[in-house]
Amino acid sequence: MDSFVELFSKKAKARGLDRLHFHVEEMEKRNLSVFNGEAQRSGASRETLFFVEGKYKDFAGSAYAANPREEIIEKLIESIIQTASWNKAPYLGKPIHALEPPRNNVADFESGRLARTLLDAEKFARDQAPKTEAFTVEVSQKTRTVTLFDCDGAGRRMSDIVGFFSLDVGVMAKNDGQAQTAHHHELFLRDDLDYKEIAARVAREASGMLNSGACASGRYKAVIRNSAFAELFGAFLPSFFAEKCQNKMSFLTGMLNSPIGSRAFSAYEDPAGLIRRRFDDEGTLTERKTIVDKGRLSDYFHNARTAALDPGKRKSNGNGFRQNYNEGISSAYTNVVVEGAQKTLAGLLSGMDEGLLVTECDGIFAGINPASGDFSVLAKGYMVKGGGLSRPVSGITIGGNLVDLLSAVEETGSDYIVIQSNTGVVKSPSARLSGIVVTGA
């Protein structure tokens with residue numbers, strides 16, 4: 001890439017461009033899956049995304065390419081000149097900070113050992129749940145290096161390396177013409193999960209749902225399990241984007257410092273988590289920030305543009321990222337963490353005594369409205385009696401508004417899980433609610 005950039009810079013300057021600023025992402029993905037007792041062929045892919053901005057006659061222009069080659073350099077330069085001439089936008093430089101080289105702490109992807117491990121996990125799970133019909137386990141490893149640099153100063157560059165594994169388990173159980181499914185999704189840093197226990201739990205849940213049915217409609221005390229709660233909350237995180245609020249496309253518009261949940265609910269962004277970004281795509285240093293503090297909305301996700309439009313902010317808080325390279329910088333987050341407490345899932349259930357345990361939600365992104373805060377999603381789980389699980393429940397819908405959901409949080413647990421969500425990841429424990437509206441039989 002360095003030789004490509006050097007040649008690009010030489011040709012660009014010959015065409016009258018200067019103040020070149022580069023954003024390069026190099027991504028690598030490897031994956032291995034097991035389906036019904038057979039290891040599928042492992043896959044690997046690599047991609048380089050190249051974005052460059054430059055000044056032409058005092059105006060800013062830009063160009064983008066995937067896996068750039070020498071023969072498209074002139075085309076990219078022409079794109080910079082054209083966008084600068086058309087948009088007439090002033091060129092605004094981006095900072096390059098002196099940062100230590102990034103650490104790559106992602107474990108190796110050992111496909112041979114991993115295949116044996118996943119096959120053993122499936123066999124172990126099938127032995128515990130013999131009604132399992134279809135079984136898929138997939139492990140992926142993603143590594144992304146992000147580098148911002150310019151060509152106007154020696155050694156002016158900064159890089160971050162983001163890397164993690166993901167596990168996806170899907171099970172279908174059948175019996176007497178009935179079929180039920182169960183799923184598990186999780187992100188992690190080291191390849192050291194207990195695959196056997198996770199696979200067995202998912203298989204037991206799919207089999208256990210075979211005799212399930214809807215419960216009566218009404219308002220129930222509920223515990224929403226970690227992954228389902230993370231999905232629900234994560235689906236609404238775009239509502240916290242400052243640009244959405246400034247454009248009045250979020251129900252959180254004008255709600256800063258107002259209560260949107262109970263005192264038992266807090267959430268913050270930690271850029272030093274699984275997605276480790278020390279700077280955003282605008283070159284602004286990232287920072288840990290509280291989003292909801294004991295039920296009160298305490299901050300939005302700001303980039304440089306939205307911060308400049310907010311008289312109370314005046315500077316970005318490091319949430320300016322590129323989501324579409326054909327467009328400009330927008331808002332995004334890295335790692336959002338829902339604060340947990342001390343109780344296990346069993347402890348949360350015993351504290352509720354009777355109610356509903358929601359284990360999965362389906363159709364999350366189709367069933368939520370970030371503009372209004374309303375949601376209505378399919379769900380499944382178990383009725384709870386005496387603090388323990390009684391009968392399985394499926395074919396129900398849970399609904400309401402995010403503010404009502406967060407206001408009903410009585411306690412969070414200690415059983416954290418990390419999942420992919422929107423533009424980043426969400427880390428969340430299970431949560432016990434004083435009530436949630438259920439539509440069932």
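Does Gly351 count as buried, exposed or partly exposed, and at what relative accessibility? In this predicted model, Gly351 counts as partly exposed, with a relative accessibility of 44%.

**Figure 1. The tilted aromatic pair of Phe22 and Phe50.** The structure holds 16 aromatic pairs. In the pair shown here, the ring centres of Phe22 and Phe50 are 5.8 Å apart and the planes meet at 40°, so the arrangement is tilted. Phe22 belongs to strand β1 (residues 18–35) and Phe50 to strand β3 (residues 43–56); the contact therefore ties together parts that are 28 residues apart in sequence. Phe22 and Phe50 are both buried. Together with Phe4, Phe8 and Phe149, these two residues form one aromatic cluster.

**Figure 2. The edge-to-face pair of Phe241 and Phe301.** The rings of Phe241 and Phe301 lie 5.9 Å apart, centre to centre, with 75° between their planes. Phe241 is located in the loop between α5 (226–235) and α6 (242–246), whereas Phe301 is located in the loop between β11 (296–297) and α7 (304–309), so the pair ties together parts that are 60 residues apart in sequence. Phe241 has a relative accessible area of 5% and is buried. Phe301 is likewise buried, with a relative accessible area of 0%.

**Figure 3. Arginine charges over the rings of Phe279 and Tyr268.** Arg277 places its charged end over the ring of Phe279, at 5.1 Å from the ring centre. The charged end of Arg288 sits over the ring of Tyr268, where the distance to the centre is 3.8 Å.

**Figure 4. Antiparallel pairing of β10 with β9 and with β11.** Strand β9 (residues 267–269) pairs with strand β10 (residues 289–293) in the antiparallel sense over three bridges. Tyr268, whose ring lies under the charged end of Arg288, has Thr290 of β10 as its bridge partner. The pairing of β10 and β11 is also antiparallel and comprises two bridges. Here Val292 has Leu297 in β11 as its bridge partner. Two residues lie between the strands of the β10 and β11 hairpin, in which Lys294 adopts a positive phi near 50°.

Key
Residues numbered from 1 in each chain as written. Predicted model: local features only at pLDDT ≥ 70, side-chain atom pairs only at ≥ 80, totals over all residues. Heavy atoms only, no water. Phe/Tyr/Trp six-rings, centres within 6.5 Å; stacked < 30°, edge-to-face > 60°. Helix = DSSP H or I, 4+ residues; strand = E, 2+ residues; numbered from the N terminus. Buried < 20%, exposed > 50% of the residue type's maximum accessible area, 1.4 Å probe, protein only. Lys NZ or Arg CZ within 6 Å of the ring centre and 35° of its normal. Pairing = 2+ DSSP bridges.
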